[in-house]
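Trainee: I would like to learn how to read a protein structure. Please take me through one.

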Amino acid sequence: MASLTFAGPIGYAAFVLPRDADAAPALQGLLDRIDAGTIELLDLEILALGAHGAAERQPTSVLQHGDSFDLSEFDGAQSDLLDAEDLAALGAELSDSELAIVIIYEDRGLAGFATQVQAQGGRELWTGGVDISELDTLVTESEQEN
């Protein structure tokens, strides 16, 4: 998690897979990012539509993963950070034949840089995310001006 010298932006991403898809390659990619220190996983949620059409949390064991991938790597990763509004919004996008994998993570990609800044007497001033639609608008406006 965030150190006293650096806290990366907190992000989230939601992905949808068919219920019968092999999730092992995607989960391995996620573990690779965690092991490399690029991200810190704060929450991993697996969602599916329940009997009443609302998104419901599922155990990681619902994911298809083949015999070679150990799902226990994600034991304890479910922190239930999604609230009822999040579940409703995600559920509105799911079909009965799909599962959502939602991750909430800290971006640690600049931690080494931040450590070096701090070693030189500097400090972190701001950190945060940029909404992609806002970025797209700014880029479009900039291109039109030039």
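Predicted model: local features only at pLDDT ≥ 70, side-chain atom pairs only at ≥ 80, totals over all residues.

Trainee: How many helices and strands does the protein chain have, and which pattern do they follow?

Mentor: Helices (H or I, at least four residues) and strands (E, at least two) are DSSP runs, numbered from the N terminus. Along the sequence their pattern is β-α-β-β-α-β-α-α.

Trainee: What does the radius of gyration of the protein chain come to?

Mentor: The radius of gyration is taken over C-alpha atoms, and the globule rule is 2.2 Å times the number of residues to the power 0.38. For 146 residues, a compact globule would be near 15 Å, whereas the protein chain has 18 Å. Along the principal axes, its C-alpha atoms fill a box of roughly 55 × 40 × 25 Å.

Trainee: Which percentage of the contacts join residues at least 24 apart?

Mentor: A contact means heavy atoms within 4.5 Å. Counting contacts between residues at least 6 apart in sequence, 81% join residues at least 24 apart.

Trainee: How many side chains of the protein chain are positive, and how many negative?

Mentor: Lys and Arg count as positive and Asp and Glu as negative, with His and the chain ends not counted. Each charge is placed at NZ of Lys, CZ of Arg, CG of Asp or CD of Glu. Here there are 5 positive and 28 negative side chains, and the centres of the two sets lie 7 Å apart.

Trainee: What share of the residues count as buried?

Mentor: Buried means under 20% relative accessible area, exposed over 50%, and partly exposed in between (1.4 Å probe, protein chains only). In the protein chain, 30% of the 146 residues count as buried. Strand β2 is mostly covered, with 10 of its 11 residues buried. Strand β4 (residues 98-107) is largely enclosed by the rest of the structure, because seven of its 10 residues are buried.

Trainee: Which strands are joined to β4 by bridges?

Mentor: Two strands pair if DSSP finds at least two bridges between them. Strand β1 (residues 10-18) runs antiparallel to β4, joined by nine bridges. In that pairing, A13 stands opposite I103 of β4. Strand β2 (residues 39-49) is also antiparallel to β4, with eight bridges. There I39 has D107 as its bridge partner, and I46 has I101.

Trainee: How many bridges do β2 and β3 share?

Mentor: β2 and β3 pair over four bridges, in the antiparallel sense. L49 stands opposite A55, and R57 is the partner of L47. Five residues lie between the strands of this hairpin, where G53 takes a positive phi near 80°.

Trainee: Where is D80, and what is its phi?

Mentor: D80 is in the loop between β3 (55-58) and α2 (84-91). Its phi is positive, about 55°, although D80 is not a glycine. D80 is partly exposed, with a relative accessible area of 47%.

Trainee: Is I104 buried or exposed?

Mentor: I104, in strand β4, has a relative accessible area of 12%, so it is buried.

Mentor: L125 is in the loop between α3 (111-119) and α4 (132-145). L125 is exposed, with a relative accessible area of 63%.

Technical notes
Residues numbered from 1 in each chain as written. Heavy atoms only, no water.
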